[in-house]
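Thanks for coming, everyone. I'll take helix packing, then backbone details, then cavities. Let me put the model up.

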Amino acid sequence: MLMYLCRRIASIVPVVLVVGVLVFLMLRLTPGDPAAVIAGNSASNEDIAQIRAQLGLDKPIAVQFFIWAGKMATGDFGESFFYKKTVASLIADRLEPTLALAVLTIILATVISVPLGTLAAYRQGSWIDRLVMGFSVAGFSAPVFVIAYLLIYIFSVKLNWFPVQGYQRLSDGFGGFLYRLVLPSITLSIVYVALLARMTRTSVLEVLNEDYVRTARAKGLSPMKVVVRHALRNAAVPIVTVIGISIALLISGVVVTESVFNIPGLGRLTVDAVLARDYPTVQAVVLLFAMTYVLINLAIDLLYMALDPRIRY
Amino acid sequence: MIFRSARVHVAACLALVIGFAAPTRADAETTLRAVMQSDLKILDPIWTTAYIVRNYGYMVYDTLFAMDAKGEIKPEMVDTYSVSADNLTWTFTLRDGLLFHDGAPVTSDDCIASIKRWGARDAVGQTLMTFVKEMKVVDAKTFTIGLNAPTGLMLQGLGKPSSNPAFIMPKRVAETPPNEQIKEYIGSGPFVFKAEEWKPGVKAVFVKNEKYKPRPEPPSGMAGGKVVKVDRVEWIVMNDQQTAVNALKAGEIDFMEQPQIDLLPEIAKSSDVKLVDGNPLGYQFAFRFNVLHKPFDNAKIREAVLYAFNQEDFLKATIGDPSYYTECKALFICGTPFASDVGMTDKLESNFKKAREMLKDAGYDGTPVVLLQSTDLAVLTNLAPVGKSLMEKIGLKVDMQSMDWQTVVARRTKKDDPAKGGWNAMFTSWVAADVLNPVSAAFINASCDKAPFGWPCDAELEKLRAAFAREADPAKQKAIADAVQVRETEYPTYINVGEYRLPFAMRKSVEGVIAAPVTIFWNVEKKGG
């Protein structure tokens, strides 16, 4: 077990290396020049060359890579080309909104989707099943920004119940924190409710036909106990996998929601940095996302053992 | 019954949460929340020409002179000034009571150091500095600038409204090498920048400078008394324009600097929001030639394009509503002192017959024009297709290449052959205040390698620009500006494809916005929440 853990943690190193090289090269191959962006409309080529030299972009790409990699090895993410702030401080500022949104969304999605999916499986073929599956299709089909604008129009502009945009840090009060996250997390959770409900239904359906479920029923256990204690627990492995992947996707992929609700999270930071060709920021954020994926996958694998004693590493 | 009970619970929870979260009335009364044109990324208004940084500069710093609503340069930090009979020595005396945000008085030393740094970066400043022999401190509040030849640029330079204005900084800050960014953000302007509250990509915060001593005159353009009437101004970064409009309607923000043109009808319908034309000079669309490569290395072919284009097509395609655009052929912005249509009357009329003949006479060999199209800036996107269509009508082959603005910005610096990653032409836009005379208008700079991208190279234009800089008599300056415009029709460096304005959108409770070429927040107040 310990060896497995060490092996998995050690596997982060090659992942980070490969991702690091790829993102570094891809950024350099992407058209665009941060120095020209900074210099503005009136700048001469001489001005731009000066800025390029200040940013270290006049050096050969290999030299730039080794300078960056050397700094990364010591935990120094570098300085943003534009903000003249450390990338680490920019990421630290943006981490809380993204994590908060991801966690709230996944809690909301799980709390709604698992019972819905289980109910749909238990009542397979009934109107409840059809309703859940219909919602699932609709949830997948509706683009996030459409749902977002619709919710804003109804609940913010018309009813004035929730703010249109913005984020309040947890340290500034839980009420305001939660209040501002309600609409964004509902928006985001719809697609995950759809996904998880469908996945739960399929998994539970498979398990409901197993012998041990039939045995449990034969023992006279109540339907609720059969479903929760025997069916759902055994169906949990694929569900947990999807939830884990969803968390990773949420952390790195909430750009649209963050933009529409003006939440200053990592997604917006990434997009802004890509558009401005802020290389140090993009490189650091992409590496962070890669590490998040690896660590969440590790956590899922470890969770399998708790859910299914047959699984051992 | 159960359902009704649940609704009551939901409503109660909502009320509780809203009670926790809603801002207090007092907070809303004195804080002006504005969504600006872009995010404030850089904090040195001398180091960069970015307009958002210039706007930031006007919050934090003050200028010696400023341009009023009539386009005249008036003293701002300066109390009195004089020029010697031979026009070679200027003497400036500062007003009493000018203090930096750290409490230190503004001195002549600070002004001289600031002018030196500005003069090393700004295009007009660089020209002005070629005339400056020495700058001397007379006393703490008085300094002189000695010239080696008279120039008309002294007041126009020190009072120029747009990038880069000659902002006054503490001497220790202004002594930062011009090619490095400053690291201390202290000015003597009407607002204090709260560096500790600045969250790049999120918001920038300014509070009222309680120590600021405004001039006694009423505000006019960029000049006059800068009386601050709110306690705090927050520039909120919002990338999504629709969200910003929704936030404005809901009262979460008070002000939008540049609402997208296609959202204006929706904004105009809202009963709580108004549109205000706060920048009457507006902006100018520009079609820039790269003169290094075929076919636009030939001035006659560039002139043919001048005959092929008309402004209305561009303005209709991009702005649409005629109340927000002006067909104006003058290079130096209609309604300003150097505006004129001299040399332009038969140009920009889409005279395709004449343009085709000119193209034939110029020996056009079919080399395609590589035209860069920016696809992510709404105000620029439609310009290139119109330009392509008009050029094709006279027989030019056009290869329009679409890309995001940052790629255009990088690509336009390349001198390579257009077939190998270079370019022939592109569209951009200028704040009108940057295009007021032949020295400040960067696209008229024809100093070859030292000129901005496009690199026009014309001794005649440079001679005229130098003559303009030397001339102190406004009437003679006007004659030179006319001559520049005529020369621009013979050796086009760019084409003015129309002027437009973008109104501010704001809550009806916001009053006192001053019409000026730059977005400024003094005199602005919030009434009734």
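One definition before we start: when I say two residues are in contact, I mean heavy atoms within 4.5 Å. And keep in mind that this is a predicted model.

Start in chain B, with helices α16 and α17. α16 covers residues 459-470, and α17 covers residues 474-490. Which residues in α16(B) meet α17(B)? They are B:Glu460, B:Leu461, B:Leu464, B:Ala467 and B:Phe468. On the α17(B) side we have B:Gln477, B:Ile480, B:Ala481, B:Ala483, B:Val484, B:Arg487 and B:Glu488. By class, that contact splits into 8 nonpolar, 1 polar and 3 charged residues.

Now the geometry of that pair. The packing angle is about 165°, and the axes of α16(B) and α17(B) are 9 Å apart. Angles over 145 degrees count as roughly antiparallel, so α16(B) is roughly antiparallel to α17(B). The crossing of α16(B) past α17(B) is left-handed.

Over to chain A. Helix α2, residues 12-29, packs against helix α15, residues 279-307. Here the angle is about 150°, with the axes 9 Å apart. That value therefore makes α2(A) roughly antiparallel to α15(A). What is the hand of the crossing where α2(A) passes α15(A)? Right-handed.

The contact takes in a run of residues on each helix. From α2(A) they include A:Val15, A:Val19, A:Val23, A:Phe24 and A:Leu27. From α15(A) they include A:Tyr279, A:Val282, A:Val286, A:Leu287 and A:Met291. The class count for α2(A) with α15(A) is 15 nonpolar, 2 polar and 1 charged.

α2(A) has another partner, helix α1 of chain A, residues 2-10. Their angle is about 10°, and their axes lie 4 Å apart. Angles under 35 degrees count as roughly parallel, so α1(A) and α2(A) are roughly parallel to each other. A:Arg8, A:Ile9 and A:Ala10 of α1(A) make the contact with A:Ile12, A:Val13 and A:Pro14 of α2(A). That gives 5 nonpolar residues, no polar ones and 1 charged.

Next, backbone details, back in chain B. Where are the cis peptide bonds I want to show? One runs from B:Ser163 to B:Asn164, with omega near -10°. B:Asn164 sits in the loop between α6 (153-158) and β9 (167-168) of chain B. Another joins B:Lys294 and B:Pro295, with omega about 0°. B:Pro295 is in the loop between β15 (283-289) and α10 (299-308) of chain B.

Also flag B:Asn87. Its phi is positive, about 60°, although B:Asn87 is not a glycine. You'll find B:Asn87 in the loop between β5 (78-83) and β6 (89-94) of chain B.

Last topic, cavities. How many cavities of 30 Å³ or more are there? The count is 5.

Which elements supply at least two residues each? α17 and β20 (494-500) of chain B. β20(B) gives the most, with 3 residues.

Note on methods: Residues are numbered from 1 along each chain as its sequence is written. Chains are lettered from A and ligands numbered from 1 in the order in which they are written. This is a predicted model: local features need pLDDT of at least 70, side-chain atom pairs count only at pLDDT 80 or more; totals for chains, interfaces and linings use all residues. Side-chain values use heavy atoms; hydrogens and water are left out. Axes are lines fitted to C-alpha atoms, for helices over the stretch in contact, and angles run from 0 to 180 degrees between N-to-C directions. Angles under 35 degrees count as roughly parallel, over 145 as roughly antiparallel, 65 to 115 as roughly perpendicular and the rest as oblique. A crossing is left-handed if the near helix is turned anticlockwise from the far one by less than a right angle, and right-handed if clockwise. Ala, Val, Leu, Ile, Met, Phe, Trp, Tyr, Cys and Pro count as nonpolar, Asp, Glu, Lys and Arg as charged, and the others, Gly among them, as polar. On a 1 Å grid over the protein atoms alone, a cavity is a set of points where a 1.4 Å probe fits but cannot get out, and a pocket is an open set with protein on both sides within 12 Å along at least five of seven lines; lining residues have an atom within 4 Å of a point. Grid points are joined across faces, edges and corners, and a volume is the space filled by probe spheres set on the points.
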